[in-house]
Amino acid sequence: MMTSVDTDLIRVLADPLRLHIVTLLAHETLCTTHLVAETGAKQTNLSNHLRVLREAGVVDTEPCGRFTYYKLRPEVLETLAGAFGELAATARATRAADTKRACP
């Protein structure tokens with residue numbers, strides 16, 4: 001069953017720009033400057049989205065001089081994928097059993 005943590009994470013990842021950021025970070029560790037160039041978003045907007053991702057535990061930060069690099073935490077996405085996998089397995093079993101709740 002999906003927990004409130006899962007649904008909060010789904011809300012975080014539902015934003016198109018945040019999902020784009022996560023997709024980029026899946027391929028490499030990037031700083032804000034790189035992410036601005038890749039996404040075309042304004043730096044302040046991007047920083048706000050990165051803060052949301054950081055607070056949700058999706059990314060870690062790594063200071064490097066005057067830059068901050070962002071790194072994806074794959075275990076967070078694996079946990080969410082596992083929750084969806086369990087939901088799909090339940091739906092598959094329910095469909096195979098053809099169970100229906102009777103109407104009153």
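Predicted model: local features only at pLDDT ≥ 70, side-chain atom pairs only at ≥ 80, totals over all residues.
Me: Which secondary structure elements does the chain have, and in what order?

Reply: Start with the counts. The chain comes to 5 helices and 3 strands. From the N terminus, they run α-α-β-α-α-β-β-α.

Me: How spread out is the chain, judged by its radius of gyration?

Reply: Compare the radius with the globule rule. The rule gives 13 Å for 104 residues, and the radius of gyration here is 18 Å, well over that, so the chain is more spread out than a compact globule. The box tells you the dimensions. Along the principal axes, the C-alpha atoms fill roughly 65 × 25 × 20 Å.

Me: What share of the residues is buried?

Reply: Buried means under 20% relative accessible area. Of the 104 residues in the chain, 26% are buried. The chain exposes about 7200 Å², and carbon and sulfur atoms supply 56% of that.

Me: Which residues have the most contacts inside the largest nonpolar core?

Reply: They are I21, L25, L35, L53, V58 and V59, in a core of 20 residues. Next, ask which elements supply this core. α1 (4-14), α2 (16-27), α4, β3 (67-72) and α5 (74-97) each give at least two residues. α2 gives the most, with 5.

Me: How do I read helix α4, and which of its residues are buried?

Reply: Check its length, then its faces. α4 has 13 residues and reaches 18 Å from first C-alpha to last, close to the 18 Å expected. Its buried residues are L46, H49, L50 and L53.

Me: What follows α4?

Reply: G57 does, and its phi is positive, near 80 degrees.

Me: Why does H49 count as buried?

Reply: Go back to the cut-off. H49 has 11% relative accessibility, and therefore counts as buried. H49 is in α4, which covers residues 43-55. Leaving out residues up to four places away in sequence, H49 touches D15, L17, R18 and I21. I21 is also among the core residues with the most contacts.

Key: Residues numbered from 1 in each chain as written. Heavy atoms only, no water. Helix = DSSP H or I, 4+ residues; strand = E, 2+ residues; numbered from the N terminus. Buried < 20%, exposed > 50% of the residue type's maximum accessible area, 1.4 Å probe, protein only. Contact = heavy atoms within 4.5 Å. Expected span 1.5 Å × (residues − 1). Core = buried A, V, L, I, M, F, W, Y, C linked by side-chain atoms within 4.5 Å. Rg over C-alpha atoms; globule rule 2.2 N^0.38 Å. Areas by Shrake-Rupley, 256 points an atom, 1.4 Å probe, with all protein chains shown as cover.
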